[in-house]
Amino acid sequence: MRDFSKVKRIVIKAGTNLLSSETGIDMERVSAIVSQIAELKDAGYQVLLVSSGAVGLGAKALGHTSPVVYIAMKQACAAIGQPLLMSAYREEFAKHNLLCAQVLITRSILNNRKSYNNLRASVSTLLAMGVVPIFNENDVVSTAEIGNVFGDNDRMSAMVASKIDADLLILLTDIDGLYTANPRSDKDAVLIRTIEKITPEIMGYAKGAGSRFATGGMKTKLLAAEIAKDGGCGTVIASGYEKDAIVRIVRGEEIGSYILPDERLHQKERWILNTPAAGTIVVDDGAKKALLSHKSLLPSGIKAIDGVFASGEVVAIKDSEGRVFAKAVPYFDSTEIEKLQGHKSSEIDSILGKGRKDVIFRPEDFVFMEGGKL
C-alpha cells in the first residue's frame with residue numbers, strides 16, 4: 001500500500017481519449033469521475049480537475065474527423081467545445097449538490113508573478129467555498145506563436161499542482177501506467193509500479209502519442225511528473241477505465257505508476273524554476289562563485305545581456321563558458337542592466353537615479369538549475 005495519509009489537496013487530470021466517445025463526450029465516464037471527486041470531497045479532500053476534451057468535442061460537433069492542426073480551427077473547436085464540456089460537468093456535479101467553476105488559463109498567466117498571485121488567490125477562495133475548479137488551457141487565445149501555450153494538459157496540470165501546493169497529481173489516461181515496452185504489442189512488457197527518479201532509461205520507455213484529438217502521450221506525463229516532483233507533489237499515472245480508480249489510488253492501492261515527490265521547494269523558487277526565461281545575463285567567474293555561495297549579483301560581475309526583459313521577469317544566468325547554472329528575477333530591466341554592466345554598486349544611483357536597489361538580485365531571487373534547463 002502507498003501512504004497518502006498526509007495528502008490533502010489533489011489535482012486530477014482527465015485526458016481527451018478518456019472523455020471522448022464517437023459522437024461527442026462520454027457522459028458515463030464524466031459521471032464516474034465526478035462521483036469519485038464528490039466522494040473525496042465528502043472525505044475532506046480539496047480537489048481540482050484539469051479536463052481535456054474541449055477541442056475534440058468541438059471538432060466532433062462540427063463533424064470534423066481529421067486531426068485538428070491549424071491554429072484557427074483549433075481555436076474555433078475550443079470555443080464550441082468548452083461550453084459543451086462545462087455543461088456536462090455542471091450537470092453531473094449538481095447531482096451531488098456541488099458547484100464547479102471554469103478556470104481558463106494560458107502559460108503567460110502563470111509566468112507573470114502578479115497574474116499568478118491573483119489566480120492563486122481566486123482558486124484558494126473557490127476551494128474554501130467548496131467549489132471544484134475545472135482548469136483547461138484557454139485554446140481560443142493561446143498560441144505557440146506568442147509563447148503562451150502549455151502544449152498539453154499533462155504539463156499544465158503539473159504546473160497547476162506545483163503552483164497551488166497540491167500533494168498528489170493523478171493523471172488519468174487510457175493505459176494502466178508506464179510499461180517497459182508497449183503492452184499492446186509486446187507480451188513481455190512490465191508495468192513499473194514505483195519510480196523514484198525519472199532517468200533517461202525511464203524516459204526511454206515512453207513512446208507514442210494519443211488519439212487524433214489528443215496532444216499528450218506517456219512522455220508528456222513523465223515530463224509533467226518531473227514538474228510536480230519539484231513542487232513536492234507525487235504523481236500517479238493510471239487508467240481512468242479502472243473502476244473507482246481515483247478513490248482507490250487515494251486510499252493507497254497500488255494502481256498505475258507512482259512517481260515519488262522530491263522535497264518541496266519554496267513557492268517562489270518553484271515559480272522561478274517553472275517560468276521560461278525572458279532573457280539571459282552572462283556573469284564572470286567571480287560573480288558565479290559569489291552566487292554559488294548564496295550572495296547577491298553585483299553589476300560589476302555582469303559580462304553581457306541577451307534579450308529584452310522587464311524588471312521582475314525571469315532570466316537565465318550563464319557563466320563565462322555559456323552554461324546556464326541559475327534562473328533569477330532581477331530588480332532592473334535589460335536596458336538598465338546594460339547601462340550598469342561592469343560598474344560598481346555605488347554608481348547605480350548616479351547612472352539610474354536615486355532610490356534604486358544596490359544589487360541586481362539577491363539570493364532569495366534566484367534558483368540553481370540542474371542540467372542547464374531553461
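Helices here are DSSP runs of at least four residues, numbered from the N terminus. Keep that in mind as we walk through this predicted model.

Leu 62, Val 69, Tyr 70, Met 73, Ile 80 and Leu 84 make a nonpolar patch of about 600 Å². Helix H4, residues 71-94, gives the largest share of the patch, 3 residues. Leu 62 belongs to another element, helix H3 (residues 54-62). The cut-off for exposed is over 50%.

Now follow the chain past H4. Asn 97 sits in the loop between H4 and strand E3 (100-105). Its phi is near 55°, a positive value in a residue other than glycine. Asn 97 has a relative accessible area of 76%, so it is exposed. His 294 also has a positive phi, near 60°. This residue lies in the loop between helix H12 (285-292) and E10. His 294 is exposed too, at 52% relative accessibility.

Next, go inside. The largest nonpolar core has 52 residues. Those with the most contacts inside it are Val 11, Ile 105, Phe 135, Leu 169 and Leu 178. Several elements each supply at least two residues of this core, among them strand E2 (46-51), helix H6 (113-128) and strand E5 (168-173). Which helix gives the largest share? That is H9, with 6 residues.

Turn to a sheet. Five strands form an open sheet in the order E10-E9-E11-E12-E13, with mixed pairing. Its edge strands are E10 (302-306) and E13 (366-368), and each pairs on one side only. On average, neighbouring strands of this sheet are turned by 25° against each other, direction ignored. Strands of a sheet pair through backbone hydrogen bonds, either parallel or antiparallel.

Strand E9 shows both kinds of pairing. E9 (residues 280-283) runs parallel to E11 (residues 315-318), and 3 bridges join them. E9 runs antiparallel to E10, with 4 bridges between the two. Take Thr 280 in E9. Its bridge partner in E11 is Ala 316, while in E10 it stands opposite Asp 306. Ile 281 has Ile 317 as its bridge partner in E11. Where do the side chains of E9 point? Thr 280 and Val 282 point one way, Ile 281 and Val 283 the other way, and all are buried.

Finally, look at charges. Side chains of opposite charge can pair when their charged atoms come close. The model has 17 salt bridges. One of them joins Arg 270 and Asp 165, at 2.7 Å from N to O. Arg 270 lies in helix H11 and Asp 165 in the loop between H7 and E5, so this pair ties together parts 105 residues apart in sequence. Arg 270 is buried, because its relative accessibility is 3%. Asp 165, at 21%, is partly exposed.

A second salt bridge joins Arg 264 and Asp 167, at 3.7 Å from N to O. This pair also links distant parts of the chain, 97 residues apart. Arg 264 is partly exposed at 34% relative accessibility, and Asp 167 is partly exposed at 22%.

Asp 188 and Lys 187 form a salt bridge as well, with their closest N and O atoms 3.7 Å apart. Asp 188 is exposed at 55%, and Lys 187 is exposed at 77%.

Technical notes:
Residues numbered from 1 in each chain as written. Predicted model: local features only at pLDDT ≥ 70, side-chain atom pairs only at ≥ 80, totals over all residues. Heavy atoms only, no water. Pairing = 2+ DSSP bridges. Axes fitted to C-alpha atoms, helices over the stretch in contact; angles between N-to-C directions. Patch = residues over 30% accessible without salt bridge, like charges linked within 9 Å, V, L, I, M, F, W, Y side chains within 5 Å. Areas by Shrake-Rupley, 256 points an atom, 1.4 Å probe, with all protein chains shown as cover. Salt bridge = Lys/Arg side-chain N within 4 Å of Asp/Glu carboxyl O. Buried < 20%, exposed > 50% of the residue type's maximum accessible area, 1.4 Å probe, protein only. Core = buried A, V, L, I, M, F, W, Y, C linked by side-chain atoms within 4.5 Å.
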